[in-house]
Structure formats: C-alpha cells, structure tokens
Amino acid sequence: MRRRRSRSARHRPGTLVAALLCTLLAGLLPAARSTAAAHPAAERTTTAHRATTYRNPLTAGVVDTFPDPVMVRGKDGVWYAYGTQNPVFQGKGEDGERMLPILRSADLAHWEYAGEVFTPETKPAWHKGARLWAPDIRYVDGHYNLFYSVSSENTVGVATAPTPTGPWTDRGAVLPSPSGCATGNIDQAQFTDENGQPYLYWGSYDTICVAKMNAARTRIEGAVTEVAQGRRMEGGFVVRRGGHYYLFYSDAGCCDGAYSGYQVKVGRATSPTGPFVDDGGVPLTVATSKGGVVLTANGNGWIGPGHNALQTDLSGQDWLVYHAISSGDPDLKPAAGGTLKLSKRPMLMDRLDWIDGWPVARAGAGASRGAQRAPVASWAAGGTFNDGSLKGWHGGGGWRVGHERDARGFVTPRGNPTGAAQLVSDRSAPAARRAEADLRVTSATGAAGLLVRYTGPGDAVVAWLDRRRGALVTDVRVDGRSRGIRTTPLPPDFAWDTWHNVAAEIRGTRMTVEVSADRLRDAVATQERPLPAAAVRSGKVGVAARGAGAAADNVGAAALHTPVTRRVPERVPGPPLPAYSDEFDTATVPGTTADSPWSWVRGPASGVAVSGGALSWPTEDAELQLGTNTASVLTRAAPPGDYTVETRLRFAPGRTNQQAGLVLYGTDDRYYKLVHAVLPVSHTDGKVTHVTEFAKEGERPTTTPPTPVAYGPMFGGPPADTLWMRLSYHADTARDETEVRAATSTDGVRWVHTGVWTLPALGKLRIGLIAQNTAGALARFDYLRTYRG
C-alpha cells in the first residue's frame, strides 16, 4: 500500500545458568539481527501448545508493531508470520527498523521473534534506499518464495529460502517497468489456480491488477488485467472457495493513527481474472466505493483494521490475519531520527466465517478484544516426527524416520512396498474430522496417501497422490473391499519430488479433499465425494505408501470445525422521534424563523429552498475540513440518549469534490459526516470515483509534534443518485467517547454498514446536513428522520 509506513534468534541452550542469562537479556535488549533461525527445527517446540484462548494483539510483548502480516505453516509444523519493515523494537530501545521481520508460533496464539529477511548488510543493491513492504509468503517446489514491495522503486521483489527463516536469496524484480498496471506497483499476493497456473495480484493506490506468472513464480508474463479500482484500494489477497475466487482488499487510509479509515472488503468471481463483484452485485471495476465489508472498526478501540491474509487451523476453520491500530496507543516515533510518520500497527487475528457464500469476520462482530477461543493447533491424533521416533504410531516396522537438512523429521517406508504399506496413529480422531498430511513421491511409479481409518484395518478412506496416474485418487474401502475409486487430474507440471499438503474434511457422509502447496486456500486439485454410512465413525489417521519414493510428514486429524451460519444482527432503529425529525413539507427554509428548531452555522446557504416535500441545496464552493471552515452547516438539537438519524438524498454530482449528506456537528473541528462525494482517482488524470465517505474530524493530541486537528475518512457501500443514509449515535460512557456508526442503502431496504468512528466526549453533537466543496450540483433531502436507538 502507499504507506507513510512503513530478531531474536533463539540459541542452542547450554547450562541452566546460560539459559537463564539469555532469558534475562532477551527481556532487556533488542534481539540480535539474523536472517535465519539459529537452531535446528528438532530443537524447537514440535508439539503445539494446547492454547484454549488468545488475545489481540497477537504481537503484544513480542514486537511493538507488525504491519501487513501474512502467515504460512512451515513444513516443520510451525506457523510463521512476516511483516512490513518497521521499527519493531522501539520499546526495547532500538532506534532502527527490521527489514521484513519474521515471527514464529507453535499454536497461533503465542509468538516469538525469529529473525528478518534482510539486514543492512544483506539487502540487495538494487533496493537502493527503499523500504520493504507488504510481504507475501508461499511454498513453491520445495522452497519458500517471499514476495515484497520495494517502495521507492515502485516494484515487487522476490526472495527464496529453503526454510521459513532463510537463508534468503534475492531473485530480483518480479514486475517489468512499466508493469502495465495503472497505479502503484506494490501490495502483491500470489495465487495458484486448479490447473497449476500461478498468478500475481498487485496494485495500489486505486487499482488492483493481475497477471500470470512463470513456472518458477519469479516474473509475471502475458497480459495484465485490471480487476478492481476504487479510492485507495490496495492489499489484494485471493482465495478460492466453493467455485468462486474471492479478492480481499483494503480501502481508505492505512496509516494515519487514530484517524485511519482502513477496512477489509471482498469481491468474488468465477475466474481468477474476474470480473469480481461485491455482495450487492457491483463490479469491483466501476468507479465507486463498494460493499462486501469483511472487517471494519467496531468502536472497541481497534482502528483501521486491514491489509489481511488468511490462515486455516487444523480443524479447517479459517482465520483473518490483519493489522489494526489501538486508539490508546496509535503512533510510533520516527525511526533513526527520521521524519517519516509511522502508526503502530500490531498483528491481530479473528475467526473468518463464510455465511451465504460471503466471508465476514466473527459473523460481523469485527475485531476482538479480550479472551477469544483459540485456533485449533494440535491434533487429536497424529504428529510431526520431529522428535525422530515413531512413538504414538503403529505399523511402524516397515517405516523409518528421516530428516531434512534443517533436522525436521519425516517418515518413509522401508524398501519398495508392492502393497499399501500403512503407518497409523495409536489415537483416534472424531467422526467429523479434518485430516491432513504433507506428502511427496520421488519415483515415477510410486504413490503416497493420506489414510483415514474409521473402524478396523479394512475400513478406510485413502487419498493418494498417485504419480503413475498423475492424479489425486481417492479409494473408499469397507471390509477390505473398494466401494469406488475416483480420480482428479493434477497439473501437468505438478512437482512430485517436493512436499504437497493433502487435506480431507469429512462432514456427515460427504468428504472434500484438497491438494495444495501450503494450505493457503489455493488448491491445485479438489475432489468431493459421498461416503458410506459406515464411514461416519471415529477412527485412526495415518499414511499409506505404494511403490518406491513415498514420504510423509505432519500427519494428523482434529475435530472438524462447526461453521457459523448466521451473521450478528445489525442495529435496527427503534421508534421514530417526530420532535427531532422534519419531512420538509412546508415552504419555509429551515433556520430562518424564530420558532424554527433548525439553526445555521454560516448561513443560510445561498439557494436553499423547500418545495415538493424536499429541501433543495446547491453545493457551495466552501469547505469544512481542518483549517478551512467556510461551509454552511444546517443543524438542530439531537435527542438525549442513543439515536439514529436518517435521510434520503437525491444527488447526482458531476465534478470532483462535490459532496452532500448528513453531519453530527459539535464544532468546526469536531464532527462526524456521511456524504456522497466525488473524489479524484490517484495517478490517473481526469478520472473520478463516487464514494460514500464516512469521516470524522477532531483533536489528535497524542502525536509528536502535536497535530491539533486531524481528519480521517472510511468508505462505505456504493453510492447512487438516490441514496438512503444513516448515522447511529451511542454514548460510550465506559470509554468517555461518542461512537457513531454509518450505513447506506441504494433501495432503502438492504443496508451496507460501513463502520464506527469515535471521538472523545467533549460536548453535545447536533444533527445536521451539509452540501459543499465545489459548486454546481443540487442536493435534495427528502426528509430527516430521527429514531430512538
């Protein structure tokens, strides 16, 4: 994204005293710079903590900030997160930045620092003075590809490594110059389609593009397609689910402290190159703001949640990984004496639900505070073999444990089994389960399979990676007899000699199997099939091998997650409050008579009239923003307690910076507004975009140097020539804040709920209307209605 935005290797323990000394020093000093873990995987925690809860931010007490996070589960069975270059250890006295910092976790709830991708000494010369942003990590053909934005060079780079922590080898720029995308060349994310074709999405600040990649995933090739545009649209991330491709993105401002309007939205398509539409059917390529809100500020102290990635736990539950800003601690000091203003953006994570075919964070509740149910990060049955033994497994007489060069364990059958050699867990998993294994096949005639046993040895499902057939093959057996074999072709260039994840989800009598490189919801093969009733039982999990060259790792099963299928109910206005409403059914201009409940700030505005049951107001060549306070504001008293104010606005602006809508007004420097506005598109001459802009202006006393007044927008659903608008007010006495939520509708029935802004409770707000910025458009307000609650 266009950002004003923007290592502690654990050492091999020696004596107890040395270990205690290291622990003490780690709490007092910044971690030593490192481009790789300083110890082998065998010495790490290989069995995940059974964390029952977690709290946001995940990075509390580890690093001060971790913007633009992305995660992968390494082939060592541990999760890794990567973030944008930032001064992550200011709290420990380090006056500098870490370049693409890395965190590590055994359970997705507790994290530790694990190094950084580049240091000042290893940073490639072609980066020049660039800051490195927005990493994206993928496992590709036996190694890890880390894509990153090179800010000042306006391009994307890629580095590769044999392990998630390095050592990293830079492979240069991924994009040509020019790239063929209309706006900034940053915020990249890789995606692989079912046929094995890789794609790269990138863009920012108003456009997201996609192009195919070469087989090595190091360069784009072929046509560049614009798949989305919008005000400050950036941070694309694509997954496939249920026949659709979902393009997640963020809009508005990422990095303006307590005034950051970032939020996550989504569109979906039936092709990786689009066309993508939001949940109201609006194409992502039209020049308006969009619906499809996945995550937005909810008033609980987390501001500007955005730049997301996804991660899936061992139960199959998806989680949204993102950054956000704490209203109580929003800013960082400039690093190393610089002047670049940075917001403190720690890493957060919340459950991602799929409801009626659309993703939403916590069923619509948004970013969480306090203890939450933790992801499932340990299996009911299974293991990683990192301890070098087959403890907890049987059928092991024909199997042995091998080790990769990082000391990570895996299993392989001895000899060349002509039948199906099996290695099975001692423990059982529930009937509804998610089982998975990392598999590879190094011989031309071999096969490796994920085994899900549900009663005796002859009752099982095996999902094979069958190299001779070039396919995913599933075989369901009852009493030792096959009940049907199904075959799904794998891509022609499938890298059989490297690890691939095979995951099988069994829910009732349906099974879904996916083959992917790294569990990031871009499977290269998917198969669904029915199961016999006998299969709906608890049972063992394991692996099977046929022929030479089969190997397996990270084999296990956990209870399958229970999906959330209903959204959190949206706020519905209560009974009407006629004393605080106006149908504009008289000819008198509000605020021009002594008995009027309305009053003007700098008014009456020129040309305002009431006729035909509407208030007509030509837009003024005037402004109400920061130090320019020349616009007229029409206000009236708000009711006590919580309330919702609504209007229907007929407005068809045709020029940049024309806007009209609702306002909750305290002073010229403390207000909330919700308007249909026309804004210029960055980097593109002559283009404009229509948005529903929900903004606040107020004091920002926490910055250094102090900024007395700040302005921050977020963008709601699509506008229209006739637009219904609501602002809902709540007095948050616990935080001593006013809290306002916005919603818009293009038909008066289906509402898009934008998000929540808060300001300190410094005085009463008045209900109001505004039409401003650039003259020449006519705003018609059909009514102003106020409701309780």
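Reply: Strands β51 (residues 722-732) and β52 (residues 737-745) run antiparallel and are joined by nine bridges. Within this pair, Leu727 stands opposite Ala742 of β52. The model is a predicted one, and everything below is computed from it.

The two strands belong to an open sheet of seven strands, in the order β41-β42-β55-β46-β51-β52-β53, with antiparallel pairing. At the edges stand β41 (609-611) and β53 (752-760); each has a single partner strand, so one side of each is left without a neighbour in the sheet. From one strand to the next the twist averages 25°. In a regular strand, side chains alternate between the two faces of the sheet.

Strand β55 (residues 778-788) takes part in two further pairings of this sheet. With strand β42 (residues 614-618) it runs antiparallel, joined by four bridges, and Leu615 stands opposite Phe781 of β55. With strand β46 (residues 643-651) it also runs antiparallel, here through eight bridges. In that pairing Thr644 stands opposite Tyr787 of β55.

A polar atom of the Gln772 side chain lies 3.2 Å from the backbone nitrogen of Leu624. Leaving aside neighbours within four places in sequence, Gln772 is in contact with Thr619, Glu620, Ala622, Glu623 and Leu624, and also with Ala631, Asn657, Gln658, Gln659 and Lys673.

A second sheet can be set beside the one above. It is an open sheet of four strands in the order β10-β11-β12-β13, again with antiparallel pairing. Here β10 (186-192) and β13 (220-229) stand at the edges with a single partner strand each, so one side of each is left without a neighbour in the sheet. Neighbouring strands of this sheet are turned by 25° against each other on average, direction ignored. Five bridges join β10 to strand β11 (residues 198-203), and the two run antiparallel. Phe191 has Tyr199 in β11 as its bridge partner.

Next, the nonpolar packing. The largest nonpolar core holds 47 residues, and Tyr82, Trp168, Phe248 and Leu320 touch the most other members. Strand β7 (residues 143-150) supplies the largest share of this core, four residues. For Leu320, with neighbours within four places in sequence left aside, the contacts are Phe248, Val294, Leu295, Asn308, Ala309, Leu310, Leu348, Met349, Asp350, Leu352 and Ala361.

Last, the chain as a whole. Its secondary structure comes to one helix and 55 strands. The radius of gyration is 28 Å, close to the 28 Å that the globule rule gives for 789 residues, so the chain is as compact as a globular protein of that length. Along the principal axes, its C-alpha atoms fill a box of roughly 95 × 60 × 50 Å.

How values were computed
Residues are numbered from 1 along each chain as its sequence is written. This is a predicted model: local features need pLDDT of at least 70, side-chain atom pairs count only at pLDDT 80 or more; totals for chains, interfaces and linings use all residues. Side-chain values use heavy atoms; hydrogens and water are left out. A nonpolar core is a set of buried Ala, Val, Leu, Ile, Met, Phe, Trp, Tyr and Cys residues joined through side-chain atoms within 4.5 Å. Buried means under 20% relative accessible area, exposed over 50%, partly exposed in between (1.4 Å probe, protein chains only). Contact means heavy atoms within 4.5 Å. Two strands pair if DSSP finds at least two bridges between them. Axes are lines fitted to C-alpha atoms, for helices over the stretch in contact, and angles run from 0 to 180 degrees between N-to-C directions. A polar contact is a pair of N or O atoms within 3.5 Å; within protein, one must be able to donate a hydrogen and the other to accept it, and residues adjacent in sequence count only if both atoms are side-chain atoms. The radius of gyration is taken over C-alpha atoms; the globule rule is 2.2 Å times the number of residues to the power 0.38.
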